[in-house]
Amino acid sequence: MTKKLFSSLDELIALDTLQQYVSCPVTAVQKAPLDARGVSGSQLYQVTAEGESCHRFVLKRMSVDFDWLMQTSHDRRCRSVSLWQHGVLDQLPPPTDHAILGCARHGDDWFLLMRDVSPHLLPDVTCDVTTIKSFLSTLAVLHATFWKDPGLAAPALGLCDTRTMLETLSVTSARRLPSDVNPMRLKFIEGWNLLQPWLEPDVKRLLTDLQADPTPLCDAVANYPKTLVHGDFRPANLASDPAAIRPAILLDWQMAGYALPTTDLSWFLNSSNIADAPLTAEAAAIYYHQRLTDQLGQELAPVTWQAMRDLGELVDIMRSGVLKAWLAVNSPSREHRA
C-alpha cells in the first residue's frame, strides 16, 4: 500500500501530525538547523515538539537542485522517500529499523522526518568485533529477505543498479559538476591522480578502461543474484539502540539499489572504522557468508561465492578507490595515512 506524502513541510511538522507520532498533546514546534550537513549537500534540522514532554526529531531536506548525489545518480524520486512511500522499508526484517516517521514533497524539495537517534549512532572510532559481527548479521538478514525480489526493479522505486552506483562516484561525474555543487569534486580528481603511481600497469589500464566504460563489470555482476542493498552501509549511517525492539538502525537510503549483495559487504568492510578493527576482512566476510547461508537456507557454490566476493571488491574499488588514495595522503590521522 502506498503511503501518503504530505504536500508541504508545514503539514509534515504540524502540531496534529507530531501528536500522532508521540501519542501525546503537542503545544509548540521549533525547527532549527543542525551544524551537521549531509556529505551529499542535504540539509539537516532538529525539530522539537513541546507539550507535556519534549520530543526531538531530525528533519532532512533533499533536492536535486543542491544534492550532488541525487544529480549524479539521476535520482528524481528521492530513493529514501520512495522506499518508505511504497512500503519497502516496512518489510525490513527484525532487528532492523529505519527511523523514518513521515515524508513530504513540495516541488523539487523532499523532506524526511525521523526519530532523533543521534545518541545511538556508532562512535567515530574503530569498531569492536562484537559490533562488526552484529551489523554483518543485520546485513545478511536484510539481503536474504529481499533475495532476488523482482519487485525491487519497479521504476517507481528508482533504485540504483550497478552502473548507477559506479557512475555516481566516478571521476567522470565529478568533472562534470563544479565544486560549488559537488564539494568532493577535487578529492575525486586529486585522488585519481594520486592513485596512478601506486598501480601496476595492467591494473591501471583496467581501472582506466572501466572508468570510461563500466559495461564489462556491469555485465559480469549481472550473472549473480541481486537483492536490496543499502548502498552506503558504513558506521556513519548506523545506530544501535539495545533498548529498542528493533535495535539496529540503518539511516540514509539515498544510494539504495537492487544489486549484488557483496556491494554492501565490501563497502562496509573497507570503511576505515572497520578496516582497522582486530577482525580481519577475510574473517568478517566468512562470518557474513555463514549468516547469509543460514538465512537463505541454501549453500552458495564456492565458485559462485568467490566470484561475488571478488566482484564486490572491484565495485568497491571503482566507487571508493580514489577517495582512499586522497585520504592516504591528506587524512589528519597518522594511523590512517600509514
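Visitor: What is the relative accessibility of Asp 252, and as what does this residue count?

Guide: The model is predicted, so local features need pLDDT of at least 70 and side-chain atom pairs count only at pLDDT 80 or more, whereas totals for chains, interfaces and linings use all residues. Residues are numbered from 1 along each chain as its sequence is written, and side-chain values use heavy atoms, with hydrogens and water left out.

Asp 252 has a relative accessibility of 26% and therefore counts as partly exposed (buried is under 20% relative accessible area, exposed is over 50%, and partly exposed lies in between, with a 1.4 Å probe and protein chains only). Although Asp 252 is not a glycine, its phi is positive, at about 60°. The residue is found in the loop between strands S9 and S10 (257-259); helices (H or I, at least four residues) and strands (E, at least two) are DSSP runs, numbered from the N terminus.

Strand S9 leads us to the sheet. Three strands make up an open sheet with mixed pairing, in the order S4-S9-S8 (two strands pair if DSSP finds at least two bridges between them). Strands S4 (96-97) and S8 (238-240) are at the edges with a single partner strand each, so one side of each has no neighbour in the sheet. S8 runs antiparallel to S9 (residues 248-250), and three bridges join them. Leu 250 in S9 is the bridge partner of Leu 238.

Helix H5 (residues 129-145) packs on this sheet and touches S4, S8 and S9, and its direction makes about 65° with that of S9. Contact means heavy atoms within 4.5 Å; axes are lines fitted to C-alpha atoms, for helices over the stretch in contact, and angles run from 0 to 180 degrees between N-to-C directions. H5 also meets helix H11 (residues 262-269): the two axes come within 11 Å and cross at roughly 165°. H5 makes the contact with Ile 132, Phe 135, Leu 136, Leu 139 and His 143, and H11 with Asp 264, Leu 265, Phe 268 and Leu 269.

Together with Leu 228 and Trp 253, Phe 268 touches the most other members of the largest nonpolar core, which has 83 residues (a set of buried Ala, Val, Leu, Ile, Met, Phe, Trp, Tyr and Cys residues joined through side-chain atoms within 4.5 Å). Helix H14 (residues 302-330) gives this core its largest share, eight residues. Beyond its neighbours within four places in sequence, Leu 228 is in contact with residues including Leu 142, His 143, Trp 253 and Asp 264.

Pro 94 and Pro 95 are joined by a cis peptide bond, with omega about 15°, and Pro 95 belongs to the loop between H4 (79-85) and S4.
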